[in-house]
Amino acid sequence: MPLTMAKSGETVTIVRITGKDEVRLHLAELGFVVGEVITVVSEIGGSLILQVKEARIALDRTMATRIIVQ
C-alpha cells in the first residue's frame, strides 16, 4: 500500500520506492530506503510527518504516494 494510507502512529516497512531516478535518489538521501522501518507521527495540512531513524521529516502527499510500504 502507499505510505499515504498508513494511519498516524502506525509503524511500517518500506518495500518499494517508485518514480524517476532523481526522486528515488532524493528520498534515499533522506533515509527512505527499502527495508527501512518508519513511523507515521501525524498528518498536518496534507503533509505527513514521519519518524525515520532519529529524524522527523515532513513529506507532501505526492512524494509519500511513491513510497510503498507493508
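In the predicted model, the secondary structure of the protein consists of two helices and five strands, and these elements follow one another from the N terminus in the order β-α-β-β-β-α-β. The radius of gyration of the protein is 11 Å, which is close to the 11 Å that the globule rule gives for 70 residues, so the protein is as compact as a globular protein of that length. Taken along the principal axes, the box filled by the C-alpha atoms has dimensions of roughly 30 × 25 × 20 Å.

With regard to contacts within the chain, 55% of those between residues at least 6 apart in sequence join residues that are at least 24 apart. Of the 70 residues in the protein, 34% are buried, while the accessible surface of the protein comes to about 4100 Å², with carbon and sulfur atoms accounting for 53% of this area.

When its neighbours within four places in sequence are left aside, E36 is found to be in contact with V12, T13, I14, G31, V52 and K53.

Methods: Residues numbered from 1 in each chain as written. Predicted model: local features only at pLDDT ≥ 70, side-chain atom pairs only at ≥ 80, totals over all residues. Heavy atoms only, no water. Contact = heavy atoms within 4.5 Å. Helix = DSSP H or I, 4+ residues; strand = E, 2+ residues; numbered from the N terminus. Rg over C-alpha atoms; globule rule 2.2 N^0.38 Å. Buried < 20%, exposed > 50% of the residue type's maximum accessible area, 1.4 Å probe, protein only. Areas by Shrake-Rupley, 256 points an atom, 1.4 Å probe, with all protein chains shown as cover.
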